Amino acid sequence: MKIILAVLLLSSVFLVGAPIPPESVAVLYNSQVPESKDLAEFYAQMRKIPVTNLVGLKLSDKGQITRKTYNSTLRDPLRKIFVERGWWTMGTNPQGNRLPTSSKITTLVCMSGVPYKIQREAVAPSDTHRGPKLPTHFAKANEASVDSEMSLLGVQGLATLAPLNNPYFKKDGAFSDQRLPFMLLVGRIDAPSFTICKRMIGDAIATESRGLWGMCYLDLALKGGGFAIGDQWLESIAKLNGTTGIPNVVDRNKQTFTTNYPMNDAALYFGWYTTHKNGPLLNPKFRFRRGAVAIHLHSFSAGNLRDPNRNWTGPILAKGAAATVGNVYEPYLHLTHHFDILHDRLLKGYSLVEAAYMATPSLSWQNVVLGDPLYRPFLHLDGSGSKDHSDRDFRAIRIANERWGDEPETMVKKLRTAAAAKSNGRLYEYLGLWHRDQKQNAVAMAFFETASKKHIKASDRLRQYLSIADTQRGTGNKALAIETLREAKQSIKDIPESKTTLALLNILDPPAPPPAKKPVPSQNKPK
């Protein structure tokens, strides 16, 4: 372990991203809601944003508003303020649209209290789409997230129907260098409570001082056809983490992680596809690691982002995550955030809001970014930053991959030596996960078995049984998987996470149906 940590100090990672200057950030709050103003002032103070960049508007306290209300209370007043404060210089493009030709503000941050979705309404003749014929599912689609709509706040005369192309999609450079003055990066600090919102800000800033370290959990859905791209995103994340040195636990089964799955030390979570929270989030004791980025893809994941129990964004933030993204209405899979791009850009040091906008193909659509938009979780992949004992093993795994990633035998030997010297369950588990990725299943299961004896927490030990059973299941040995799960049921019980063992046994070895009831003889005699 000492050898690995010594190398850590010599490690270096080239970060592409740079911080978004505070003076280029505007903060929007609802002046009708005192907590919204308080949150805006708190955020500005924490991020050193000039108080002159705060904007308070009299807005509805509802999450959903009409297009008319959006235009009159949000769009038009904001346009006026941006011009009056000298943030925009306006001009006209060749198509005749009036729009900003230069802008001092690149990022707009909405505080909780600001409405977040614009409802669908009957299509007016003036809203007719100018351009190619729209697909049927877009023909009447004038609903949108408030935030995505405001990303083109300064461009006047745009039709409200259908999504618009995002010129920042798939870019790999700071937004300030893109020469897109007509566009805003719009993020939101919003959650089921204002207390959670403040915690999200504090967690983002605290995590930036030491970096985000921990496990990544990936939950595939095994959807084929045109939906396969969702699983491909998650597989790309797994591959990227494999070369970066972030431990992956990947569920490649059709169902999601089962009830109360022991998703400990979760710094990253990407999954799909159920309507409401399930699996680990059903465990009352479950919490994400401080600063976690956690995302579950569903058409309406942010349909009610202020509810801690419905859909996904609210529950994810209520369970301790610092950042997530979602959709307020149906986005269609190819037009939602591409998880692999988002994760790649975060690893490169970009801010949350930049990474999210580089990952979404469309504007004036359904997407929202929740969390401190300026948050840069992976500033310290080079080993810099303040040190915390709870991060030690994850830092060691990271540096072992960077130092010896091209010499896998050496990397495994170094980590195995460190694991044995410290009797370290985390390192043994990582070696099991690594060997499983290499299709060396027998070696992987041996490491999981050793990890189960070294981990201190019962829930961590249980996860090793689950990994062994899942490996057996993946190789077609269902009987052995059932046997392993039965052993886990006997060995580790009376903890909330034990429900996941029972859930898996019910899937693989469902109990026999109750015997059919005998019919009750009729009391009526035939005549």
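Predicted model: local features only at pLDDT ≥ 70, side-chain atom pairs only at ≥ 80, totals over all residues.
**Buried residues, cavities and backbone geometry**

D190 is found in the loop that runs between β10 (185-189) and α5 (194-210). The side chain of D190 takes part in a polar contact of 2.7 Å with the side chain of S112. The side chain of R306 is likewise joined to that of D190 by a polar contact, at 2.7 Å. When neighbours within four places in sequence are left aside, the residues in contact with D190 are S112, G113, V114, C197, M200, L305, R306, L317 and L370.

Empty space inside the model was examined next. Rolling a probe the size of a water molecule over the atoms shows where such space is left. The largest cavity has a volume of about 290 Å³. It is lined by 23 residues, of which V250, Y261, R436, L466 and D470 are the closest to its centre. Two or more lining residues come from each of β12 (248-251), α12 (425-437), α14 (458-474) and α16 (498-508). The element that gives the most to this lining is α14, with 5 residues. Divided by class, the lining of the largest cavity consists of 11 nonpolar, 6 polar and 6 charged residues.

The second largest cavity has a volume of about 90 Å³. Its lining is made up of L212, W213, G214, G245, I246, P247, A267, L268, F378, L381, F394 and R398. The elements that give two or more residues to this lining are β13 (266-271) and α10 (392-404). By class, 9 residues of the lining of the second largest cavity are nonpolar, 2 are polar and 1 is charged.

The buried residues of α8 are F339, I341, L342, H343, D344, R345, L346 and L347. Just after α8, G349 takes a positive phi of about 100°.

Positive phi values were also found at residues other than glycine. Most residues other than glycine have a negative phi. D265, which is not a glycine, has a positive phi of about 55°. This residue, D265, lies in the loop between β12 and β13. Y332 is not a glycine either, and its phi is positive at about 70°. The position of Y332 is in the loop between β15 and α8. With a relative accessible area of 27%, Y332 is classed as partly exposed, since that class lies between the 20% limit for buried residues and the 50% limit for exposed ones.

How values were computed. Residues numbered from 1 in each chain as written. Heavy atoms only, no water. 1 Å grid on protein atoms, 1.4 Å probe; cavity = no way out; pocket = protein on both sides within 12 Å on 5 of 7 lines; lining within 4 Å. Points joined across faces, edges and corners; volume = space filled by probe spheres on them. Helix = DSSP H or I, 4+ residues; strand = E, 2+ residues; numbered from the N terminus. Nonpolar A, V, L, I, M, F, W, Y, C, P; charged D, E, K, R; others polar. Polar contact = N/O pair within 3.5 Å; in protein donor to acceptor, adjacent residues only side chain to side chain. Contact = heavy atoms within 4.5 Å. Buried < 20%, exposed > 50% of the residue type's maximum accessible area, 1.4 Å probe, protein only.
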